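Me: I would like to go through one protein model by question and reply. Please keep the terms defined as they come up.

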Amino acid sequence: MDRCPHPKCSADDNITCSLGHIKVANCPEWKKVVKTPTSAQPNPDELAVPWSGSALGESDLNFISGRGKPITVGIVGPESSGKTTVLAAFYLLLGRGNLTSEDSLFSNSYTLAGWEAVANNLRWKPGQQAPHFPPHTTSRAARAPGMLHLAFRRQDGALRDLLFADAPGEWFQKWSINQQSAEAEGARWIAKHADVTLLIADREALAGPAKGTARNEFQLLAQRAVAESQGRRLALVWTKGDVEVAPAMEAQIMKAVGSAAFNVPEFTVSVFKRGEVEAAEGFQKLFSWILETKRPGVQLPTSEVAGHDLLFRYGRR
């Protein structure tokens, strides 16, 4: 790129414009030397990667599963209950090194652009608007949710891939009412493939003016989620934990999940500090529980043939 023709400016690709333009492309003096770009010719030595950095779709899962089946985490909850905020908090805490340990070190992610899009609103940007919650995840006609990827390396050197499903609450509300609804196909996909289910209870909704409706909707959703989990890991996650909820309401929510009967663990998360409890603590405990997920081993049938070679375990015919 040629230098700026302005006599008192030495702006190039890396130096700010002396006329005050944050982006030199907006400076009228700079535009005098900018040439019309020509169509770039493909470089035969360039290698295209099989991912874009954005959230993964269903067709991308074969690429991720090449080295082993990933752990899929489904976040199930009503609209505006804080599902996307949980994901954003995970990513920001991971960037600060608050979610890793010597047993599980962060390795890589194929969806960094997708994570950034989720967490962007929670970042503090000097000179710009204050941090705010991520926008509502819009409902779309999709058969599967967008998947955000993280990989961790265990102490023994093995890699573990995790996929986090970011889905709109409308899917789950329709799924809780009618499991076979045409508009709940994405929710059915999560129910089928999730190795871990985080069932979200919105404390703000359960303490607000429409708390009766919120309780009834959650009870329907909890019954559906518990039934579909079929013994897989499930946790009750109270979001917006800084909001006080009546003890009777909490008891009804825990009863709907059956937390006592089925040993369902409970976690409380909030982006605000609650008393002496730091905001990060709840997310750290929840993420550590997710990382503890292990796939059940395969039980091979016993046989009378001696030896350990699986090829001859059943003898000859």
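Predicted model: local features only at pLDDT ≥ 70, side-chain atom pairs only at ≥ 80, totals over all residues.

Reply: Local features need pLDDT of at least 70, side-chain atom pairs count only at pLDDT 80 or more, totals for chains, interfaces and linings use all residues, and side-chain values use heavy atoms, with hydrogens and water left out.

Me: How many residues of strand 3 are buried?
Reply: Strands (E, at least two residues) and helices (H or I, at least four) are DSSP runs numbered from the N terminus. Buried means under 20% relative accessible area, exposed over 50%, and partly exposed in between, with a 1.4 Å probe and protein chains only. Strand 3 covers residues 146-154 and is largely enclosed by the rest of the structure, because the buried residues number 7 of the 9.

Me: Which residue in strand 4 stands opposite His149?
Reply: Two strands pair if DSSP finds at least two bridges between them. Strand 3 and strand 4 (residues 159-166) run antiparallel and are joined by 8 bridges. They form a hairpin with 4 residues between them, and Gly157 in the turn has a positive phi of about 95°. Opposite His149 stands Leu163.

Me: Within what arc do the buried residues of helix 9 fall?
Reply: Helix 9 (residues 247-257) has Met249, Ile253 and Val257 as its buried residues. The arc is that of the directions from the helix axis to the C-beta atoms. Seen down the axis, these residues line one face of the helix, because they fall within an arc of 75°.

Me: Which exposed residues does the face of helix 9 turned away from its buried side carry?
Reply: The cover over the buried residues of helix 9 includes strand 5, helix 7, helix 8 and strand 6, where contact means heavy atoms within 4.5 Å. The face turned away from the buried side carries exposed Pro247, Ala248 and Lys255.

Me: How many residues apart in sequence are the parts that Asp161 and Arg67 tie together?
Reply: A salt bridge is a side-chain nitrogen of Lys or Arg within 4 Å of a carboxyl oxygen of Asp or Glu. The side chains of Asp161 and Arg67 form one at 2.7 Å, N to O. Asp161 lies in strand 4 and Arg67 in the loop between helix 2 and strand 1, so the parts tied together are 94 residues apart.

Me: What is the relative accessible area of Asp161?
Reply: Arg67, its salt-bridge partner, is partly exposed at 42%. Asp161 is buried, and its relative accessible area is 5%.

Definitions and conventions. Residues numbered from 1 in each chain as written.
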